[in-house]
Amino acid sequence: MPTTLIDQYYHKIQEMKLLTSVANLLEWDQQNQMPPKATKARADKLALINKLHHERMIDKEFARILNNVYEQRDTLSDIDRRSVEFTKRQYDKKAKLPTAFVEKFSRATSHGHTSWVEAKEKEDFSLFQKDLQTILDLSKQYADYIDNSKPVYDVLTDDYEEGITSRDLDGIFNTLVKELPPLLKQMKKKQKKNALEGRRFDKIKTRAYIEKLVEQIGFDFTRGTMGDVPHPFETSITEHDIRINMKYPPDDIGYSIMSGIHELGHGLYEQNVHEDYHQTDLRNGVSQGIHESQSRLLENIIGRSEAFWTYALPLLQEHLPDEMGHVTVDDIVHDLNLVEPSFIRTEADEVTYNIHILLRYQLETDLLNNKLKVRDLPEAWNAKMKELLDIEPEKPSLGVLQDAHWSMGAVGYFPTYTLGNLNGAQLWKRFEKDHPKWEKKIAQGDFSEYFNWFKENIWQHGSFYQPQELMKRVTGEETNPDYFVAYVKEKYTNN
Ligand SMILES: [Zn+2]
C-alpha cells in the first residue's frame with residue numbers, strides 16, 4: 001500500500017480510471033461489433049462496471065483520503081493540486097447519488113440506446129418513447145440529487161461545460177438568431193448544383209484515403225485506431241488508445257471526409273495531452289465546448305478551405321481516380337461550403353448548424369420544464385424545424401430520431417456544440433495572429449504550424465485549466481459569439 005496521502009489518492013484514482021476504461025471499451029464495442037441480441041448482457045456488464053466505479057468514488061476510505069489531501073492542497077505540486085480539485089468537484093456530485101440510482105440510469109441508457117436504434121430503423125418514434133421518458137425522468141431526478149436550488153438545465157449542462165448556465169446560453173443563442181437568418185437569406189441566392197451529386201464511392205478506397213489524410217495531419221496510429229460505426233464519434237479508452245470512429249455512406253464522400261476530419265480533431269486533442277497528466281484524472285480534454293472547438297475548427301476552418309483542398313484533392317484523385325479525376329479544387333470547395341437548410345445536424349453547413357442546436361435546446365428545455373410531453377415531441381420537432389429553417393422532415397430518422405444523445409442520457413449536451421463553434425472561431429483568430437501564412441503551409445500538406453500551436457495552447461493542458469479559464473488564457477477573453485459571427489460573415493459574403 002502506498003504510504004503518503006497523495007500516493008494513496010493516486011492509487012485509488014488508478015482503479016477508477018481502469019473501470020472507466022473498461023466501460024468505454026464495452027461501449028465502443030457495443031457500437032462497432034456487438035450483435036443486436038447481446039444487448040441485454042451488455043447492459044448488465046456496463047451497469048456492473050458503472051456501479052463498481054460509483055462505489056469506489058463514494059467509498060468512505062476514498063472520501064477520507066480525498067478530503068484530507070484536499071485540505072492540504074496548497075502544499076502540493078500544481079498538477080497534484082489541480083487533480084485533487086478536479087476530483088473533489090466530481091466527488092461532491094457523485095457522493096450525492098445513491099448507487100441504486102446510478103445503476104438504474106446506466107441500465108436505462110443501455111436500453112434507450114437499443115430502442116433508439118430500432119425506432120430509427122423502423123421510422124417509429126413510439127418504440128423509443130417510453131425509454132426517452134424514463135431517461136428524462138431520471139435526468140430530472142439526477143439534477144434534484146445534485147442541486148435542487150438551481151434550474152434542472154443548469155445542473156445537467158454543468159457536467160459537460162462547467163460553469164455555463166441557461167442564462168449564458170440564452171444570451172449566446174439570441175445573438176446567433178439575430179445574425180444568422182439574414183445571412184442565410186443572402187446565401188440562398190448563391191446556390192449552384194452540387195458537382196459530386198449522383199456518384200458512388202467505394203468504401204474501402206474512401207477509408208484508405210481518409211486514413212492517409214488523418215495520419216498526415218498528425219494522428220498517431222501506434223496509439224489509436226479508426227472504427228466503422230452508424231454514428232461517428234471519438235472515444236478514449238486509455239491515453240495510448242484513442243479511437244476515432246467513422247462512417248462511409250457510398251453516395252456521400254463529402255460526409256465521410258468531413259466527419260472523419262471532425263473526429264480526428266477530437267482524437268488529436270486526446271492523443272496530445274501532456275504525459276505528466278497521464279496518471280492523473282486531468283488526462284482528457286477539459287470540456288465538451290473546448291473539445292468540440294478542436295473538431296469543428298479542423299473540420300470547417302481548415303477542412304473546407306481552398307488551402308486544404310489544394311493539398312488534399314490530388315491525394316483523393318490518387319485513391320479514387322475514376323470518381324474524382326475530373327473534379328477541381330474550386331468544385332470541391334464550392335460543394336463543401338454550400339449553405340442550405342437541411343434536416344441532419346451532422347451534415348449541416350456552418351451557417352445553419354447552430355440553428356439545429358437552438359432547436360434541440362428549446363425542445364429540451366420545454367421537455368424538462370413539462371411544457372412539452374414526450375409523445376408530442378415528433379410533432380413539436382417538425383413545427384420548430386419549419387419555424388427556424390423553413391423545412392419539414394418527412395420521417396423521424398430525418399427529424400426527432402436523428403441523434404443518439406438523448407438515448408445515451410446526454411440531456412443538456414447539445415449547446416456544447418454551439419460553444420464549440422464559437423470557441424473554435426475565437427481560438428482560430430488568435431492562431432492566425434501567430435501564423436498569418438497558414439494557408440501556404442497547409443496547401444503544401446504541412447500541418448506543423450496548426451499541430452504545434454494547438455498542442456502547445458490547448459491539447460497538452462488536458463483538464464488542467466477550466467474551460468473559460470483556458471479561453472481567457474489563450475484569447476484574452478471568455479467565449480464571445482462575435483468572433484464566430486464575424487468569421488461566417490466574412491467567409492460567406494465574400495464568396
Ligand atoms: Zn464532435
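Me: I'd like to start at one spot: are His 262 and Glu 292 buried or exposed?

Reply: Both are buried. Keep in mind as we go that this is a predicted model.

Me: Which residues coordinate the zinc ion, and at what distances?

Reply: To read a metal site, list the donor atoms and then ask where their residues sit. Here the zinc ion is held by NE2 of His 262, NE2 of His 266 and OE of Glu 292, at 2.1 to 2.2 Å. The donor residues follow the spacing H-x3-H-x25-E along the sequence. His 262 belongs to helix α10 (residues 253-271) and Glu 292 to helix α11 (residues 288-302), so the pair ties together parts that are 30 residues apart in sequence.

Me: Let me stay with α10 for a moment. Which residues does Ile 253 contact, beyond its neighbours within four places in sequence?

Reply: Setting those neighbours aside, Ile 253 is in contact with Leu 196, Phe 201, Thr 206, Leu 316 and Leu 320. Ile 253 is part of helix α10, and its relative accessible area of 2% makes it buried.

Me: And what does Thr 416 touch, residues up to four places away not counted?

Reply: Thr 416 touches Tyr 160, Glu 161, Gln 288, Gly 289 and Glu 292. Thr 416 itself lies in helix α17 (residues 415-434) and is buried, with a relative accessible area of 1%.

Me: Now the strands. How many residues of β3 are buried?

Reply: With a strand, look at burial, then at the two faces, then at the partners. Six of the six residues of β3 (residues 241-246) are buried, so this strand is largely enclosed by the rest of the structure. Asp 241, Arg 243 and Asn 245 point one way, while Ile 242, Ile 244 and Met 246 point the other way.

Me: Which strands pair with β3, and in what sense?

Reply: Strand β1 (residues 224-228) runs parallel to β3 and is joined to it by five bridges. In that pairing, Met 226 stands opposite Ile 244. Strand β2 (residues 233-238) pairs with β3 in the antiparallel sense, also over five bridges. There, Ser 236 stands opposite Ile 242, and a hairpin through two residues joins β2 to β3.

Me: What about the aromatic residues? How many aromatic pairs are counted?

Reply: For rings, check the distance between centres, then the angle between planes. The count comes to 32 aromatic pairs. In one of them, the rings of Tyr 450 and Trp 459 have centres 5.8 Å apart and planes at 80°, so the pair is edge-to-face. Tyr 450 and Trp 459 are both buried. They also belong to a cluster linked by ring pairs, together with Trp 428, Phe 431, Trp 438, Phe 451, Trp 453 and Phe 454.

Me: Where do the charged ends of Arg 345 and Arg 360 sit?

Reply: Each sits over a ring. The charged end of Arg 345 is over Tyr 417, 4.3 Å from the ring centre. For Arg 360, the ring is that of Phe 414, with its centre 5.3 Å away.

Me: Finally, the whole chain. How many helices and strands does it have, and what is its radius of gyration?

Reply: The protein chain has 21 helices and three strands. Its radius of gyration is 23 Å, close to the 23 Å that the globule rule gives for 495 residues, so the chain is as compact as a globular protein of that length. Buried residues make up 56% of the 495 residues. Of the contacts with a separation of 6 or more, 72% are between residues 24 or more positions apart. Along the principal axes, the C-alpha atoms fill a box of roughly 65 × 50 × 45 Å.

Key: Residues are numbered from 1 along each chain as its sequence is written. This is a predicted model: local features need pLDDT of at least 70, side-chain atom pairs count only at pLDDT 80 or more; totals for chains, interfaces and linings use all residues. Side-chain values use heavy atoms; hydrogens and water are left out. Donors are N, O and S atoms within 2.8 Å of the metal (3.2 Å for Na, K and Ca); water is not among the atoms, so sites may look incomplete. Helices (H or I, at least four residues) and strands (E, at least two) are DSSP runs, numbered from the N terminus. Buried means under 20% relative accessible area, exposed over 50%, partly exposed in between (1.4 Å probe, protein chains only). Rings of Phe, Tyr and Trp (its six-membered ring) pair if their centres lie within 6.5 Å; planes under 30 degrees apart count as stacked, over 60 as edge-to-face and the rest as tilted. A charge sits over a ring if NZ of Lys or CZ of Arg is within 6 Å of the ring centre and within 35 degrees of the ring normal. Two strands pair if DSSP finds at least two bridges between them. The radius of gyration is taken over C-alpha atoms; the globule rule is 2.2 Å times the number of residues to the power 0.38. Contact means heavy atoms within 4.5 Å.
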